[in-house]
Amino acid sequence: MATCTMYKIVMNGVLLPDIYFSWDAASSAFDALKESSGASVGRIVVWDDQTGEYN
């Protein structure tokens, strides 16, 4: 079975529901969220859909 790397965004300790299939897409969304929400802490994480975990 083929796998792909997926990304999610964590803002202020909350894992957001959107899944991104490229770093560029996640980065663009992250930048837009930071600008619009004023969140103080955020990061892009690698998402494992089989385990539901991120790191």
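Helices (H or I, at least four residues) and strands (E, at least two) are DSSP runs, numbered from the N terminus. This is a predicted model, in which local features need pLDDT of at least 70 and side-chain atom pairs count only at pLDDT 80 or more, while totals for chains, interfaces and linings use all residues. Residues are numbered from 1 along each chain as its sequence is written, and side-chain values use heavy atoms, with hydrogens and water left out.

N12 counts as partly exposed because its relative accessibility is 47%; buried means under 20% relative accessible area, exposed over 50%, and partly exposed in between (1.4 Å probe, protein chains only).

## Strand pairing

Two strands pair if DSSP finds at least two bridges between them. β1 and β3 (residues 42-48) run antiparallel and are joined by six bridges, with M6 opposite W47 of β3.

On to β4 (residues 53-54): this strand pairs with β3 over two bridges, again in the antiparallel sense. Here D48 has E53 in β4 as its bridge partner. The two strands form a hairpin with four residues between them, and G52 in the turn has a positive phi of about 75°.

## Rings and a charge

Rings of Phe, Tyr and Trp (its six-membered ring) pair if their centres lie within 6.5 Å; planes under 30 degrees apart count as stacked, over 60 as edge-to-face and the rest as tilted. By this rule there is one aromatic pair. Y7 and W23 form it edge-to-face, at 5.5 Å centre to centre and 75° between the planes. Since Y7 lies in strand β1 and W23 in helix α1 (residues 23-37), the pair ties together parts that are 16 residues apart in sequence. Y7 is buried at 14% relative accessibility, whereas W23 is partly exposed at 46%.

## The nonpolar core

A nonpolar core is a set of buried Ala, Val, Leu, Ile, Met, Phe, Trp, Tyr and Cys residues joined through side-chain atoms within 4.5 Å. The largest one has eight residues: Y7, I9, M11, Y20, A26, A29, F30 and I44. β1 and α1 are the elements that give two or more residues to this core.
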